Amino acid sequence: MSLQNTQVKFEPTSRSNRADRRRLCGWLTLGLSVFATLATLSVGGLYLIYLIADGKVFSSLHCVLREDCFFGLPSWAIAAMIVVGSVLASWLIMILQVLLFGVDPPDGIIVSAGDAPELFALIERVAGEPGADALDTVVIDADCNAGVFIYPTFGIVGPMKTGLVIGLPLLDAIDERELPALLSHELAHFHDHSGALDATAQRVDTLWQRIGLSCGDRLVPGSRPLAKFAMWYLGELTAVRLRQSRQQEMAADAAAAADQGVDASVTVILRIAVASLWFERMWELFPRRLRRHDAPRFRPFHVTPRWFRRLNRTDRFERLLRVALVQATSNRDTHPAWHERVAALGPDPRVPPPVRVPASRILGAFEPKLREDIHASWLAQISDAWHDQHESAKHSENQLAALERETAAGKLEPEEEKLMAHLTRDLRGAEHAVPLYRTIVESDPGDAEIHYNLGEALLDLADDDGLGHLDKAR
């Protein structure tokens with residue numbers, strides 16, 4: 001299978017890397033400087049108020065006003081000190097909370113060597129170091145993805161821990177023979193993330209996220225300017241870190257290719273690209289289930305092995321692969337586009353062979369319990385929302401049925417026609433909604449909203465005419 005024009009070479013130079021690191025250092029210095037200034041003002045201001053109240057500052061004023069003043073100060077000065085002191089104290093409490101409250105690892109099930117000895121043995125073998133000292137935690141979660149993470153052990157100032165997170169659906173989607181290439185790629189990130197600069201960036205990012213959250217919740221008086229600064233600063237810092245993250249992703253691909261072979265590395269990239277799209281398709285079945293049942297009766301993490309076996313059909317895999325390889329990278333993506341990653345490794349990609357043994361088998365006897373634990377966690381998170389969405393879906397169905405009855409009687413207003421088209425798309429799919437949207441467009445060619453919805457519905461059906469309607473909407 002040829003990429004042809006979809007391939008885009010991604011060749012980060014050492015000069016661009018150095019420039020990005022200098023830019024990152026500048027933004028980190030700014031963030032730490034503002035935080036240090038805030039901490040100094042809070043502590044210094046409170047200490048100054050204490051000195052004034054104790055008569056060690058402005059002592060002459062104390063002598064003049066001592067007979068009619070509390071602490072030798074006029075009442076307006078005391079009121080001002082109470083107000084300023086309360087604000088500074090709330091800032092100081094926020095600073096201490098930001099610094100001392102712990103950072104949790106990602107959501108998921110923490111797995112030990114006793115739970116999955118084969119997985120840990122493979123990690124040690126791929127890492128090339130007995131005990132894989134660089135790895136502190138292994139987490140299995142519910143995503144169709146894998147990654148590494150770093151987090152401080154005590155607040156944001158303690159020693160940093162590193163961990164590996166692998167999605168159980170991803171282990172169902174790839175072959176057991178491909179797992180070493182996946183682990184090699186992820187473990188290669190530890191070299192990038194273990195440096196002092198990356199650890200500092202993680203701390204500063206967490207620091208300002210917490211400050212922004214506290215200020216955004218109006219928990220700290222006088223925090224609106226600080227909240228605006230936090231929002232602006234995090235946006236700029238994220239942009240710089242995203243560029244560096246994409247470069248580190250390409251470097252990890254190259255390291256995995258050197259360790260496990262180029263073909264193995266490319267195969268894993270293609271497998272993940274297709275599996276992520278196919279996993280999204282599985283969740284698209286939810287609206288039907290929501291309408292039928294008022295509580296979750298679906299066990300998604302028990303059916304994923306059967307669901308991913310459907311990708312063994314070559315025609316289905318190729319069709320999804322073509323979709324994945326034309327996806328572009330947005331400014332908010334932490335990873336380069338799939339075609340950029342494959343093109344950087346050089347070879348013309350071939351469709352991977354069918355999965356013979358899912359990588360999840362390496363979990364051994366722990367696999368059934370892990371599926372139950374992940375399902376229980378998912379169920380606890382979704383149950384309330386499921387009931388609410390079920391009620392909403394039933395209400396939408398009743399609305400649509402009423403509109404269809406009015407249509408048969410020829411009584412629909414223009415706004416009701418739009419609502420009927422939207423509900424049809426949500427409940428019955430784009431193929432049923434497109435004729436309704438076309439009818440509305442024919443009667444009102446200047447309706448930008450309907451052009452936009454018609455364009456999206458056509459693109460859902462892989463019809464390129466949708467692009468024309470999106471242009472008309474703009």
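A cavity is a set of grid points where a 1.4 Å probe fits but cannot get out. In this predicted model, a search of the whole structure finds one such cavity of 30 Å³ or more, and about 50 Å³ of space lies in the largest cavity. The structure also holds 13 salt bridges, among them a network that links D172, E367 and R371. A nonpolar surface patch of about 500 Å² is present as well.

**Cavity**

- The search for cavities of 30 Å³ or more covers the whole structure and returns one.
- The space in the largest cavity amounts to about 50 Å³.
- The residues that line the largest cavity are A173, R271, F308, L311, N312, F317 and V355.
- Sorted by class, this lining has five nonpolar residues, one polar residue and one charged residue.
- Arg is counted as charged, so R271 is the charged member of the lining.

**Salt-bridge network of D172, E367 and R371**

- D172, E367 and R371 are joined in a network of salt bridges.
- The side chains of D172 and R371 meet in one of these bridges, with an N to O distance of 2.7 Å.
- D172 lies in helix α5 (residues 168–173) and R371 in helix α14 (residues 366–408), so this pair ties together parts that are 199 residues apart in sequence.
- E367 also forms a salt bridge with R371, again at 2.7 Å from N to O.
- E367 and R371 are four residues apart in helix α14, which means that about one helical turn separates them.
- In general, an α-helix has 3.6 residues a turn, so residues three or four places apart point the same way.
- D172 is buried, with a relative accessible area of 3%.
- R371 counts as buried at 5% relative accessibility.
- E367 counts as buried too, at 14% relative accessibility, because the cut-off for buried is under 20%.

- The side chains of K418 and E415 meet in a salt bridge with an N to O distance of 3.7 Å.
- This distance falls within the 4 Å limit that defines a salt bridge.
- K418 and E415 are three residues apart in helix α15 (residues 414–428), and about one helical turn separates them.
- K418 counts as buried at 13% relative accessibility, whereas E415 counts as exposed at 56%.

**Nonpolar surface patch**

- L96, L100, F101, F154 and V157 make up the nonpolar patch of about 500 Å².
- V157 is found in the loop between β3 (146–152) and β4 (160–167).
- At 51% relative accessibility, V157 counts as exposed, because the cut-off for exposed is over 50%.

**Helix α13**

- Helix α13 (residues 338–345) is mostly covered, with seven of its eight residues buried.
- The buried residues of α13 are W338, H339, E340, R341, V342, A343 and L345.
- G346 follows α13 and has a positive phi, near 105 degrees.

**Residue pairs separated in sequence**

- T304 lies in helix α11 (residues 300–309) and counts as buried at 0% relative accessibility.
- T304 and L171 are 133 residues apart in sequence, and their C-alpha atoms are 9.7 Å apart in space.
- G44 is placed in helix α1 (residues 14–53) and counts as partly exposed at 37% relative accessibility.
- D107 sits in the loop between α3 (75–100) and β1 (109–111) and is exposed, with a relative accessible area of 65%.
- D107 and I140 are 33 residues apart along the chain, and 8.7 Å separates their C-alpha atoms.

Terms used. Residues are numbered from 1 along each chain as its sequence is written. This is a predicted model: local features need pLDDT of at least 70, side-chain atom pairs count only at pLDDT 80 or more; totals for chains, interfaces and linings use all residues. Side-chain values use heavy atoms; hydrogens and water are left out. Patches are made of residues with over 30% relative accessible area and no salt bridge: like charges are joined within 9 Å, nonpolar side chains (Val, Leu, Ile, Met, Phe, Trp, Tyr) within 5 Å. Accessible areas come from the Shrake-Rupley method with a 1.4 Å probe; for residues, only the protein chains shown count as cover. Helices (H or I, at least four residues) and strands (E, at least two) are DSSP runs, numbered from the N terminus. Buried means under 20% relative accessible area, exposed over 50%, partly exposed in between (1.4 Å probe, protein chains only). On a 1 Å grid over the protein atoms alone, a cavity is a set of points where a 1.4 Å probe fits but cannot get out, and a pocket is an open set with protein on both sides within 12 Å along at least five of seven lines; lining residues have an atom within 4 Å of a point. Grid points are joined across faces, edges and corners, and a volume is the space filled by probe spheres set on the points.
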